[in-house]
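Trainee: Could you walk me through this one before I set anything up? I'd like the conventions spelled out as we go.

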Amino acid sequence: MPEAKFLQKVPEDSRNINYNPVMVFVNRIGIFAVIAVLLIIGGIVAPGKYFTVGNIRATVQAISLLGMVSVGMSFVTYSANYADMSAPMTIAFAGMITVASLGAGFWPAVFIGILSGSALGVFNGFMVGKFRANPIIWTMAFNFVMSGIVRWIWSGQQIYPDMIAKNNLAAVDTFNSISRSSFAGVPIMVIVMVLMFILGHIILTHTKFGNQLKVVGSNYEVARLSGINVVRSIILVYVINAVCCGIAGIFLASIAKTGAYYNGDGYDFRAVTSVLLGGMTLAGGRGTMYGVFGGVVTIGMLSNIMNLIGISTFNQWLVQGIVFLFIVWLNTNSSRKLGRD
């Protein structure tokens, strides 16, 4: 038959789709087993120091900024756009704009700071969503561009709230205190982080946007052909991430009492590590906010244990890099065995 030559044998799908309870456990709740192991290790290597109120409070407070950034990064990963590598400069830029605007008052400055960060998210989302720019390469290049712009605007200098807003010291005092304030004994930063995780969970699981984002992350073409506005979804994802980075940038500038171009350094890598450690897949459309929260806690506990036993900062980066490589392998391998990649 002449038509026969047009018929091609469809290659068999080699993925294993058999139910594997071990991989289901690893993929969904394995992170909490890791946390349990770290609790045991912490108690062994630092007896008398690890299970103290002061250490637990310091650990939770230390992860709050990373948690805020990780909430936003989760949306980017969930949409199958890997990660936003411009997060460091979004954090720094929002913080510096907020400090520079304190003369107008505390809340106007916060609004302007978050709005400026959101503008970067709109630009990133438009380029990735509309023009299908490679998300890693584009956001990494954009981070360099923003670094140059920020250094040019402020001549590579740090800016200080009390020097910028000499005529509004009340706003300066409020700004400097927000990262040091507590409510019912719980640091404000921790409360904000938890609220952001709860809100992120609700958006992902109980909204039309979250359902559409799951389809976009799972299969871009299916989402587009089914009528979902994929460009708008991806733009929103980057805006959400930028808002989260902006909030973290404001708290970070408050902690340092300084606006600086280097304030967000390292948060991109650590946020991605937390997101993947929490069970989200780089393929998109999979993962949970509570899993990411577990990833953030794990990174915080790991850093805390290394600090208590005196491991240097450089060696901590080495350990975190090894952890990152391991979880990328584990994430890919477990998803593959579940037939998800």
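Mentor: Let us start with surface: accessible areas come from the Shrake-Rupley method with a 1.4 Å probe, and for residues only the protein chains shown count as cover. On that basis the protein chain exposes about 16,700 Å², of which carbon and sulfur atoms supply 68%. Keep in mind that this is a predicted model, in which local features need pLDDT of at least 70 and side-chain atom pairs count only at pLDDT 80 or more, while totals for chains, interfaces and linings use all residues. Residues are numbered from 1 along each chain as its sequence is written, and side-chain values use heavy atoms, with hydrogens and water left out.

Trainee: Fine. How many helices and strands does the chain have?

Mentor: The protein chain has 15 helices and two strands, where helices (H or I, at least four residues) and strands (E, at least two) are DSSP runs numbered from the N terminus.

Trainee: And what share of the residues is buried?

Mentor: Of the 341 residues in the protein chain, 48% count as buried, with buried meaning under 20% relative accessible area, exposed over 50% and partly exposed in between (1.4 Å probe, protein chains only).

Trainee: Let's take α9, then. Which of its residues are buried?

Mentor: In α9 the buried residues are M189, V190, M193, M196, F197, G200 and L204. They sit on the same side of α9 because they cover an arc of only 125 degrees around the axis, the arc being that of the directions from the helix axis to the C-beta atoms. On the other side of α9, L195, L199 and H206 are exposed.

Trainee: What covers that buried side?

Mentor: The cover over the buried residues of α9 includes α3 (53-78), β2 (186-187), α10 (208-218), α12 (230-256) and α14 (289-308).

Trainee: α10 is on that list, so what's buried in α10 itself?

Mentor: F209, G210, Q212, L213, V216 and G217 are the buried residues of α10. Seen down the axis of α10, they fall within an arc of 160 degrees, so they line one face of the helix. Their cover includes α3, α9, α11 (220-225) and α12.

Trainee: Switching to charges, how many salt bridges does the structure hold?

Mentor: The structure holds one salt bridge, defined as a side-chain nitrogen of Lys or Arg within 4 Å of a carboxyl oxygen of Asp or Glu. The partners are E221 and R224, whose side chains meet at 2.7 Å, N to O. Being three residues apart in helix α11, E221 and R224 are separated by about one helical turn.

Trainee: Are those two buried, exposed or partly exposed, and what are the values?

Mentor: E221 is partly exposed, with a relative accessible area of 38%, and R224 also counts as partly exposed, at 42%.

Trainee: Last topic: which residues make the nonpolar surface patch?

Mentor: V37, I40, I41, I44, V45 and I309 make a nonpolar surface patch of about 530 Å². Patches are made of residues with over 30% relative accessible area and no salt bridge, like charges being joined within 9 Å and nonpolar side chains (Val, Leu, Ile, Met, Phe, Trp, Tyr) within 5 Å. Among them, I41 is in helix α2 (residues 30-45) and is partly exposed, with a relative accessible area of 36%.

Definitions and conventions
Contact = heavy atoms within 4.5 Å.
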